[in-house]
Amino acid sequence: MTLKENDPPTHQGAVSLPLLCRLSPNANSCPNMASQYYQDMQESFKNNNKSREFPAHTAKVHSVAWSCDGRRLASGSFDKTASVFVLEKDRLVKENNYRGHGDSVDQLCWHPTNPDLFVTASGDKTIRIWDVRTTKCIATVNTKGENINICWSPDGQTIAVGNKDDVVTFIDAKTHRSKAEEQFKFEVNEISWNNDNDMFFLTNGNGCINILSYPELKPIQSINAHPSNCICIKFDPTGKYFATGSADALVSLWDVEELVCVRCFSRLDWPVRTLSFSHDGKMLASASEDHFIDIAEVETGEKLWEVQCDSPTFTVAWHPKRPLLAYACDDKEGKYDNNREAGTVKLFGLPNDS
């Protein structure tokens with residue numbers, strides 16, 4: 001189970017295992033050597049740095065994700081529901097609210113190639129698959145524990161779900177039956193297939209990345225990635241890199257082929273909760289309890305932009321085709337005047353005059 005939200009930060013002063021990455025000359029390239037891409041994106045964000053918020057839920061939003069075609073954004077919340085919005089020009093228009101779970105919706109994801117299907121993982125010991133064309137739940141799959149993370153395999157055939165007891169269950173996406181189940185002896189945080197669908201990755205509470213062969217689920221390697229809890233993992237769309245975020249407040253970037261750390265990003269002060277690569281794989285957004293989202297250029301580690309937030313951010317997702325970032329914060333109604341959670345989703349990258 002993942003680090004608790006109010007755990008104190010491990011300050012940057014702590015020496016991290018990927019130290020070579022932090023000290024690499026690439027980590028802080030000289031600004032006057034900035035790439036053309038860096039300059040172009042800086043110019044783009046100068047004209048498109050507006051964020052708008054859209055009412056989504058009656059409680060905290062845990063997860064946001066885009067459909068593969070970028071037409072829809074889904075959000076999952078502590079209020080036990082999922083919401084789906086349609087992206088129209090520069091705004092999100094609420095399409096439907098999906099009810100049925102008996103507990104918090106902790107994570108959700110879309111089918112990798114079918115833009116009409118998404119799946120939700122809940123603390124009610126079920127996952128549910130939803131179809132936006134009928135707005136109905138097309139399958140409810142019972143699992144053994146309270147689910148906290150979920151991912152869909154790149155080939156669309158399998159859904160993996162992890163629970164608070166560190167069990168990962170692999171579910172056939174067509175028959176909705178369990179194909180395999182693995183009990184791990186360590187704290188499992190986030191899970192993901194690689195883009196080639198032949199390896200399965202887990203981040204764990206000991207700061208390691210565990211890699212299994214797929215579908216055999218035989219251990220291939222365990223990488224000591226961070227000195228403390230390794231929380232989140234994301235693969236870039238090009239398949240060249242994956243990134244991990246840790247309680248040591250560092251994001252490390254890894255070469256998929258070599259399985260070596262090539263770079264670290266160290267601008268956050270709090271445990272890194274969430275990561276997302278842009279559609280071209282050239283930008284990486286990372287967020288935490290710091291009141292900003294860091295947007296880095298992947299190839300240099302250079303800070304491209306900073307999205308200001310009023311409160312901690314626990315989920316970010318780049319649009320699959322455009323430089324638009326969806327995110328959700330731990331906002332309260334009336335700016336901390338009371339305890340009611342705002343339950344909004346936000347969109348950054350909108351034109352300043354919109």
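In which order do the four strands of the open sheet lie? In this predicted model, the order is β18-β19-β20-β21, and the pairing is antiparallel. The edges are taken by β18 (230-235) and β21 (260-265). Each has a single partner strand, so one side of each is left without a neighbour in the sheet. On average, neighbouring strands are turned by 25 degrees against each other, direction ignored.

Within this sheet, strands β19 (residues 241-246) and β20 (residues 251-255) run antiparallel and are joined by five bridges. Valine 251 in β20 has glycine 245 opposite.

Backbone geometry in the loops was examined next. Most residues other than glycine have a negative phi, and most peptide bonds are trans. The loop between β16 (208-213) and β17 (219-224) holds proline 215. The peptide bond leading from tyrosine 214 into proline 215 is cis, with omega near 10 degrees. Leucine 217 is found in the loop between β16 and β17 as well. Leucine 217 is not a glycine, yet its phi is positive, near 60 degrees. Its relative accessible area is 8%. Buried means under 20%, so leucine 217 counts as buried.

Lysine 125 also has a positive phi, about 70 degrees, although it is not a glycine. Its place is the loop between β7 (117-122) and β8 (126-131). The relative accessible area of lysine 125 is 41%. This value falls between the limits of 20% and 50%, so lysine 125 is partly exposed.

Terms used:
Residues numbered from 1 in each chain as written. Predicted model: local features only at pLDDT ≥ 70, side-chain atom pairs only at ≥ 80, totals over all residues. Heavy atoms only, no water. Helix = DSSP H or I, 4+ residues; strand = E, 2+ residues; numbered from the N terminus. Buried < 20%, exposed > 50% of the residue type's maximum accessible area, 1.4 Å probe, protein only. Pairing = 2+ DSSP bridges. Axes fitted to C-alpha atoms, helices over the stretch in contact; angles between N-to-C directions.
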